[in-house]
Amino acid sequence: EGVDEGEDNVMNGHPDKGARRLSSLGPWLALGVGTGLLMGLNTEWAALPGWWMGALFLFFSRRRRPGVGFVGLLVANTVGAGVANLGVFPGSAASAFGMALGGAGVVAAVYLADRLLVGPRGSFAGTLFLPAAMTGLELFGSLGNPFGTWGVLAYTQARVPVLVQLVSVTGLWGLTFLLVWFATVSNWALEHREAGRRVLPGVAVYAGVLAAVLGFGALRLATAGRVGEPVRVAGLTVAGEVAAGREAGLARLMAGETLGEADWRAFAEASRAVNEELLRLSEREAASGAKVLLWSEGNAVVLAEELEALVARGSALARERGVWLGLSVASFTPAVERMLRNELVLVGPDGAVAWRYVKSRPVPGWEAEHSPPGSTEPAVGLAPGVGVLGGAICFDGDFPGMFARASERGLELLLLPSSDWK
């Protein structure tokens with residue numbers, strides 16, 4: 001008498017109910033935290049989710065029945081990636097979550113395969129299955145994919161230069177493998193913790209590989225040296241109230257509306273206010289010492305017949321201030337179906353156009369349907385006082401293969417304006 005059920009369970013050698021309850025909630029807690037990390041995948045703090053969300057999702061998958069694990073990961077990845085995609089590109093919430101659902105199904109299926117083929121008691125060799133599967137999926141999935149490498153796990157480490165150096169040897173895929181392997185090795189060590197020190201050799205193998213990668217990255221950065229003098233660069237975007245009229249016009253076009261002549265005139269007039277502000281900001285930054293100025297993708301909008309006049313004004317500014325100016329301009333020809341020309345024009349301190357580049361890979365959807373064929377490779381040219389400047393636009397960067405020849409041509413600094421609307 002006087003002994004409660006929990007104490008009785010302990011005294012009789014039975015697991016405490018509270019401990020069992022905590023153990024059963026643990027996988028769901030891991031799933032929830034992993035989902036929260038996934039929501040931060042498109043933020044400047046993405047490096048942390050890149051390392052830990054896979055480990056948490058795997059912890060959940062291996063401790064639930066296969067069917068439950070699959071459904072749980074499907075829902076979690078749809079919600080997490082859907083929230084992460086909101087605001088990343090213009091479009092409805094339905095489109096953001098629709099894209100997330102497609103990717104979530106593939107991810108959940110790969111984790112299900114790991115659960116069935118490797119499981120929670122697999123050998124150290126089994127830790128290679130999931131990273132190999134995920135890396136192969138990203139690699140081969142990017143071939144012929146209209147979205148290229150968009151969403152590849154390796155991109156989460158973009159703000160960690162010492163790790164990014166691995167990409168110079170293995171491409172994106174080596175970094176993806178390293179991140180997923182961390183998830184499987186950490187779970188393997190946890191699952192075999194009762195083996196004590198016998199897990200240390202396996203952990204040491206991963207730690208050795210990671211140390212080698214970090215050492216290579218540190219050495220490469222340390223020996224990179226410095227070429228010439230630092231060059232100040234300014235990136236310019238006009239948003240907010242000044243751009244409200246232009247944004248409203250673009251929204252109508254992307255919604256499939258047909259604009260009348262008066263609508264096009266109003267759209268052009270609203271866009272001129274943005275263009276004037278871009279020129280004003282360029283003057284300001286040049287006066288502050290910037291030597292390379294770059295407008296964000298399509299931030300300047302003109303009707304096709306006004307394009308050369310805007311380029312001429314940019315050329316005059318570059319000549320007067322002695323700067324390199326990259327004008328990112330979206331020009332429209334209302335009378336044709338493929339009305340949008342998304343272009344980057346680089347003008348130099350002499351006022352001459354150094355090169356012009358038309359976006360090679362319009363984003364699937366409205367942009368691709370309304371854009372003519374673009375440039376076949378990035379623009380590359382010598383910019384005295386700066387280096388060898390190259391140019392491409394936003395989504396082109398998700399197709400790394402197209403930059404191979406640019407690198408062979410001595411590319412040193414890539415101008416890659418992206419669309420900013422906030």
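This is a predicted model: local features need pLDDT of at least 70, side-chain atom pairs count only at pLDDT 80 or more; totals for chains, interfaces and linings use all residues.
**Group meeting: salt bridges, cores and a helix face**

Arg62 has a relative accessibility of 4%, and because the cut-off for a buried residue is under 20%, Arg62 counts as buried.

What does the side chain of Arg62 meet in a salt bridge? The partner is Glu191, at 3.2 Å from N to O. Arg62 belongs to helix 3 and Glu191 to helix 9, so the pair ties together parts that are 129 residues apart in sequence. Glu191 also counts as buried, at 4% relative accessibility. In general, side chains of opposite charge can pair when their charged atoms come close.

A search of the whole structure finds 22 salt bridges. Another of them joins Glu283 and Arg321, whose closest N and O atoms are 2.9 Å apart. Here, too, distant parts of the chain are linked: Glu283 is in helix 12 and Arg321 in helix 13, 38 residues apart. Glu283 is partly exposed, with a relative accessible area of 26%, and Arg321 is partly exposed as well, at 40%. Returning to our opening residue, salt bridges that share partners join Arg62, Arg63, Asp114 and Glu191 into one network.

I turn now to the nonpolar cores. The largest has 37 residues, and those touching the most other members are Trp51, Phe57, Leu73, Tyr111, Leu130, Leu178 and Tyr206. Among the elements that give two or more residues to this core are helix 3 and helix 9. Helix 9 provides the largest share, nine residues. A second, separate core holds 25 residues, including Leu281, Leu293, Ala300 and Val345.

Next, please look at helix 11, residues 244–254. Which of its residues are buried? They are Arg246, Gly249, Leu250 and Leu253. Seen down the helix axis, the buried residues of helix 11 fall within an arc of 100°, so they line one face of the helix. The elements covering them include helix 12, strand 3, strand 4 and helix 14. Just after helix 11, Gly256 takes a positive phi of about 95°.

Finally, strand 7 and strand 8 run antiparallel and are joined by five bridges. Leu382 stands opposite Val388 in strand 8. Three residues lie between the strands of this hairpin, in which Gly385 takes a positive phi near 90°.

Definitions and conventions: Residues are numbered from 1 along each chain as its sequence is written. Side-chain values use heavy atoms; hydrogens and water are left out. A nonpolar core is a set of buried Ala, Val, Leu, Ile, Met, Phe, Trp, Tyr and Cys residues joined through side-chain atoms within 4.5 Å. Buried means under 20% relative accessible area, exposed over 50%, partly exposed in between (1.4 Å probe, protein chains only). Helices (H or I, at least four residues) and strands (E, at least two) are DSSP runs, numbered from the N terminus. Two strands pair if DSSP finds at least two bridges between them. The arc is that of the directions from the helix axis to the C-beta atoms. Contact means heavy atoms within 4.5 Å. A salt bridge is a side-chain nitrogen of Lys or Arg within 4 Å of a carboxyl oxygen of Asp or Glu.
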